[in-house]
Amino acid sequence: MIEFQNVSKSFWTGVQRKVILDRGSFTVELGHSLGILAGNGTGKTTMINMMAGLEKPDEGKIIRTSRISFPLGFMGGVVRDHSAAENSRYIARLYGLDPDYVEAFCRYIVGIEEYFDRPLNTYSQGMRARVSFALLLALEFDIYLIDEGMPSSTDADFNRRAGNVLHERLTKSTVVIVSHNPHILEKYCNRAAVLRDGKFYMFDTLAEAKKLYEYDA
């Protein structure tokens with residue numbers, strides 16, 4: 001479970017204060033995946049980072065009682081001077097998992113052959129995104145956090161391998177997706193909310209959330 005209790009968050013832009021969330025209260029319960037509709041520049045990444053514990057609220061309290069993933073695409077915790085193989089073994093030890101299994105799993109999912117044994121700082125952005133996604137899938141969580149949906153790749157084999165594992169994970173886990181695109185949420189979420197002007201509006205269905213979101217758009 002993730003529970004926000006009267007949480008507020010804002011940033012100073014240099015011109016004015018940008019309010020991301022103003023005394024927001026809501027709960028993400030296990031078994032009830034949540035899609036959050038939010039326009040560009042409204043604080044989607046900040047919301048996900050607060051759920052993961054990467055950013056603290058200005059006010060209020062966030063309670064976490066489940067195994068919560070790092071956000072999809074987050075590359076914190078990895079050492080860019082080390083190879084994907086070395087990083088996967090390091091992450092495995094942090095989570096108390098078998099390093100041989102995690103390395104083999106990531107090597108299979110990523111599918112970059114000999115580059116897997118080269119430093120991350122030699123990778124393209126797309127290759128680093130693959131490694132991040134593979135690490136996310138190698139570690140089983142109760143709640144998966146995704147900012148703007150699934151990673152895109154031009155490699156059909158990677159999409160197939162990663163997509164199959166993700167589908168398996170989401171059948172027994174909960175997902176929180178924050179996106180400006182309602183179509184991304186339709187496949188995974190049975191509840192939805194709208195983040196608008198610092199206010200968080202929770203709905204029982206995606207259809208209800210879309211009405212408010214599309215009216216605002």
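Strands (E, at least two residues) and helices (H or I, at least four) are DSSP runs numbered from the N terminus, and two strands pair if DSSP finds at least two bridges between them. Residues are numbered from 1 along each chain as its sequence is written, and side-chain values use heavy atoms, with hydrogens and water left out. As the model is predicted, local features need pLDDT of at least 70 and side-chain atom pairs count only at pLDDT 80 or more, while totals for chains, interfaces and linings use all residues.

Strand β1 (residues 2-12) is joined to the antiparallel β4 by 5 bridges; in one of them, Ile2 has Arg64 of β4 as its partner.

A residue to look at in β1 is Ser10. Ser10 is buried, with a relative accessible area of 16% (buried means under 20%, exposed over 50%, partly exposed in between, with a 1.4 Å probe and protein chains only). Leaving aside residues up to four places away in sequence, Ser10 touches Arg17, Lys18, Val19, Ile20 and Asp58, contact meaning heavy atoms within 4.5 Å. The side chains of Ser10 and Arg17 are joined by a polar contact of 3.1 Å (a pair of N or O atoms within 3.5 Å; within protein, one must be able to donate a hydrogen and the other to accept it, and residues adjacent in sequence count only if both atoms are side-chain atoms).

Turning to helix α3 (residues 99-110), its buried residues are Pro99, Val102, Glu103, Phe105, Cys106, Ile109 and Val110. Seen down the helix axis, these fall within an arc of 165°, so they line one face of α3; the arc is that of the directions from the axis to the C-beta atoms. They pack against α2 (84-94), α4 (125-138) and α5 (156-171). At the N-terminal end, Asp98 caps α3, with a side-chain oxygen 3.1 Å from the backbone nitrogen of Asp100. Just after the helix, Gly111 takes a positive phi of about 65°.
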